[in-house]
Amino acid sequence: MNLSNSTRNGSSISIIWIIVGGLAIIFGGLLIGTVVPFILPIEGSAEAQQVDGLFRFMLVIGGAIFLLVNGVLVYSIIRFRARTNDYADGPPIQGNTTLELVWTLIPAIIVTVLTIYAYSVWVNIQSEKPNEQEVDVTGQRFAWTFTYTVTENELADLGVTRDQLPEEVNAVFASEGGAVNFNSLQLHTWVGQPVHVSLHTEDVNHAFWIPGMRIKQDLLAGRVTDIRFTPIEPGVYRIVCAELCGSGHGNMAGEVDERGNLTGAWLIVHPDEETFVQEFYKPEAQNVLFPPEDPVERGRQILASGAYPCSGCHVLTELSWAGVQAPNLDSIGTRAETRVAGLSASDYLHQSIREPYAYIVPGYQNIMPVFSNDPNEPNTQYMPDSDLEAIVAYLLTLQGG
Ligand code: CUA
């Protein structure tokens, strides 16, 4: 009688403890899922809200399991520790079917729910949205380039007609099926505009990551991959390469230099379409539709546009380039005069773009791609003679000690 009374008392006490412990674990999990996301960057896109929702959900479950496992562990260490002079073995345990069913079924349910939830978030992100802005992204060692298109319709929006265009631009328009492209070192868009980026690489694998948008997508050699996002907060967001791609991998990320200039790749989200057009699209389109006649101006514009991946490896302060794998181009016009005996500054600059392997500046490696005037030459990048002449004309003006 005595014995059964005390057992009944003991079990009602332990039920209370199990309820208290269970509630502590659930609230602890909710607390972890609420507090930890404060260390995440700003949620800059609609997709970021969905990704963070999924992340919080996993944190609540993971946090509760963490507290349960460690709570039981700490309790067992204290409650069942060996007493002084107690050398007895523990009781022999054969197994517990109920317990095994519970710890198999609960994780199976959790994993199934997470799979369905995560898959639906992924499908939401990758589904085509109405009226998407299309941007091509090129990754190459060690810079990103963003390519925009001016179509015949957009020409009309800019107040320009085909017959106003210079002859060579009009020829491009005709050969490209009524469109002409321009490049930018930054990705520009505006709040509320769904963006669809198509990614391809000129060399090895890279990964396109915008932490503030919570999107990350690999670039795979020989394939075009894509990812979508819709910005909801205006601002400037870092773009990062998340795949180790060589010695200049770190240059494929947006940085701020000591003068406060943005270097590398950034996403600029304008507050509205009007600002995007006035501050970015119109001036850039104007540049490509009416290229400056002056070769120096033209060369500067070509390099600043990111049409060639020079910014990832060279320093050029005037254009906010901050690469370190290749020689500094500030005042290259002066240094080119004496760099290789027998070559004039202009000849040396021509050679170092068409045949960069011919002379390697001491202290650097032979990593620069060959820029050929033949678009079909294998293992080279195409640079027409007109671009080369303009670039050399600009580089020659970079004078100094
Ligand atoms: Cu590109 Cu790392």
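**Entry 1: Arg228 and its partners**

I began with Arg228, which counts as buried at 8% relative accessibility, and I keep in mind throughout that this is a predicted model. Arg228 makes a salt bridge with Glu132, and I find their closest N and O atoms 2.6 Å apart. Because Arg228 sits in strand β8 (residues 225-229) and Glu132 in the loop between α3 (97-126) and β1, the pair ties together parts that are 96 residues apart in sequence. Glu132 is also counted as buried, at 15% relative accessibility.

I then looked up Asp385, which forms a salt bridge with Arg354, with 2.7 Å between the closest N and O atoms. Here helix α10 (residues 385-396) holds Asp385 and helix α9 (residues 345-354) holds Arg354, so this pair ties together parts that are 31 residues apart in sequence. Returning to Arg228, I note that salt bridges with shared partners join Glu132, Asp226 and Arg228 into one network.

**Entry 2: Another salt bridge**

How many salt bridges does the count come to? I get 7 salt bridges. One of them links the side chains of Glu43 and Arg56, at 4.0 Å from N to O. Since Glu43 is in the loop between α1 and α2 (46-79) and Arg56 is in helix α2, the pair ties together parts that are 13 residues apart in sequence. Glu43 is partly exposed at 24% relative accessibility, and Arg56 is partly exposed with a relative accessible area of 33%.

**Entry 3: Surface patches**

Ile15, Ile19, Leu23, Ile26, Phe27 and Leu30 make a nonpolar surface patch of about 600 Å². I checked Phe27, which lies in helix α1 (residues 2-35) and counts as exposed at 55% relative accessibility. A negative surface patch is formed by Asp157, Asp272, Glu273 and Glu274; of these I looked up Glu273, which belongs to helix α6 (residues 273-289) and is partly exposed, with a relative accessible area of 45%.

**Entry 4: Domains**

I finished with the division of the protein chain into domain 1 (2-77 + 97-126), domain 2 (133-291) and domain 3 (309-396). The centres of domain 1 and domain 3, taken over C-alpha atoms, are separated by 58 Å.

How values were computed. Residues are numbered from 1 along each chain as its sequence is written. This is a predicted model: local features need pLDDT of at least 70, side-chain atom pairs count only at pLDDT 80 or more; totals for chains, interfaces and linings use all residues. Side-chain values use heavy atoms; hydrogens and water are left out. Patches are made of residues with over 30% relative accessible area and no salt bridge: like charges are joined within 9 Å, nonpolar side chains (Val, Leu, Ile, Met, Phe, Trp, Tyr) within 5 Å. Accessible areas come from the Shrake-Rupley method with a 1.4 Å probe; for residues, only the protein chains shown count as cover. Lys and Arg count as positive and Asp and Glu as negative; His and the chain ends are not counted. The place of a charge is taken as NZ of Lys, CZ of Arg, CG of Asp or CD of Glu. Helices (H or I, at least four residues) and strands (E, at least two) are DSSP runs, numbered from the N terminus. Buried means under 20% relative accessible area, exposed over 50%, partly exposed in between (1.4 Å probe, protein chains only). Domain bounds come from an automatic or database domain assignment.
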